[in-house]
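Please look over the sequence and the structure shown below, and then follow the account of its parts.

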Amino acid sequence: MPIINKFIEIETEQGINIYNITTQINDFIASTSIKNGQVLVFSRHTTTALAINENEERLLEDIKVFLQKLAPESDRYLHNDLHLRVVPEDEPMNAHSHLMAMMLSTSEVIPIVDGKLALGTWQSVLFLELDGARKRTVFFQISGEYM
C-alpha cells in the first residue's frame with residue numbers, strides 16, 4: 001500500500017483564527033492516484049489544533065468565543081512566568097493557547113472513497129490557530145490503493 005506525504009504552510013494571524021483547509025487536502029488527493037484509503041492530517045504545533053465541523057461564519061465566531069471562555073488569556077498561568085523559565089527573547093505569554101489546544105485535537109484521519117474525502121454534507125477540515133501570527137506547518141499523509 002503506497003504512502004504519500006505532503007507539508008503545507010499556513011500564514012496565520014494573531015489570536016484565535018480558523019482556516020478551512022479542505023480544498024488543500026482535496027487538491028493533494030487529486031494529485032495522487034489513490035482512490036480508496038485514508039488521509040491523516042496532523043498539526044505540528046502545540047498552540048494549534050484541527051477539527052471537522054461546519055465552515056459557517058457565525059459558528060466559527062461561536063467557536064472562538066467558546067475557546068476564549070475555556071481558557072481566558074487574562075487568567076493567571078504558571079507557564080506565563082517567563083522570568084522563571086529559560087525562554088527565547090520573543091517568547092509569548094501563551095499558556096491559554098496551549099490549554100485550548102489540549103482540549104482539541106492535533107490530528108484527524110479521514111477516509112478517501114472513490115478519490116474524494118468521505119466528509120458529510122456540511123463537514124470541513126478546519127485548522128485552528130490559537131496563538132498567532134506565525135508560519136504554521138500541517139502534514140498530510142495519504143495511504144491507500146490505486147484504482
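**Loops, sheet and helices**

Asparagine 80 touches Met93, Asn94 and Ala95 when residues up to four places away in sequence are not counted, a contact meaning heavy atoms within 4.5 Å. This is a predicted model, in which local features need pLDDT of at least 70 and side-chain atom pairs count only at pLDDT 80 or more, while totals for chains, interfaces and linings use all residues. Residues are numbered from 1 along each chain as its sequence is written, and side-chain values use heavy atoms, with hydrogens and water left out.

Asparagine 80 has its place in the loop between helix 2 and helix 3, where helices (H or I, at least four residues) and strands (E, at least two) are DSSP runs numbered from the N terminus. With 10% relative accessibility, asparagine 80 counts as buried; the term buried stands for under 20% relative accessible area, exposed for over 50%, and partly exposed for what lies in between, with a 1.4 Å probe and protein chains only. The side chain of asparagine 80 also reaches the backbone nitrogen of alanine 95, at 3.1 Å.

Leaving aside neighbours within four places in sequence, threonine 47 is in contact with several residues, among them Asn94, His98, Leu128 and Arg134. The side chain of threonine 47 makes a polar contact with that of arginine 136 at 2.9 Å; a polar contact is a pair of N or O atoms within 3.5 Å, of which, within protein, one must be able to donate a hydrogen and the other to accept it, and residues adjacent in sequence count only if both atoms are side-chain atoms.

An open sheet is formed by 3 strands in the order 2-7-4, with antiparallel pairing, two strands being paired if DSSP finds at least two bridges between them. Strand 2 (17-20) and strand 4 (48-53) stand at the edges with a single partner strand each, so one side of each is left without a neighbour in the sheet. From one strand to the next, the twist averages 30°. Strand 4 pairs with strand 7 (residues 124-129) over 6 bridges in the antiparallel sense, and alanine 51 stands opposite leucine 126 in strand 7.

Helix 2 (residues 57-70) packs on this sheet, touching strand 2, strand 4 and strand 7, and its direction makes about 140° with that of strand 2; axes are lines fitted to C-alpha atoms, for helices over the stretch in contact, and angles run from 0 to 180 degrees between N-to-C directions. The buried residues of helix 2 are Leu60, Ile63, Lys64 and Leu67. Seen down the axis of helix 2, these buried residues fall within an arc of 100°, so they line one face of the helix, the arc being that of the directions from the helix axis to the C-beta atoms. They pack against strand 2, helix 3 (95-103) and strand 7, whereas the face of helix 2 turned away from its buried side carries the exposed residues Arg58, Asp62, Phe66 and Lys69.
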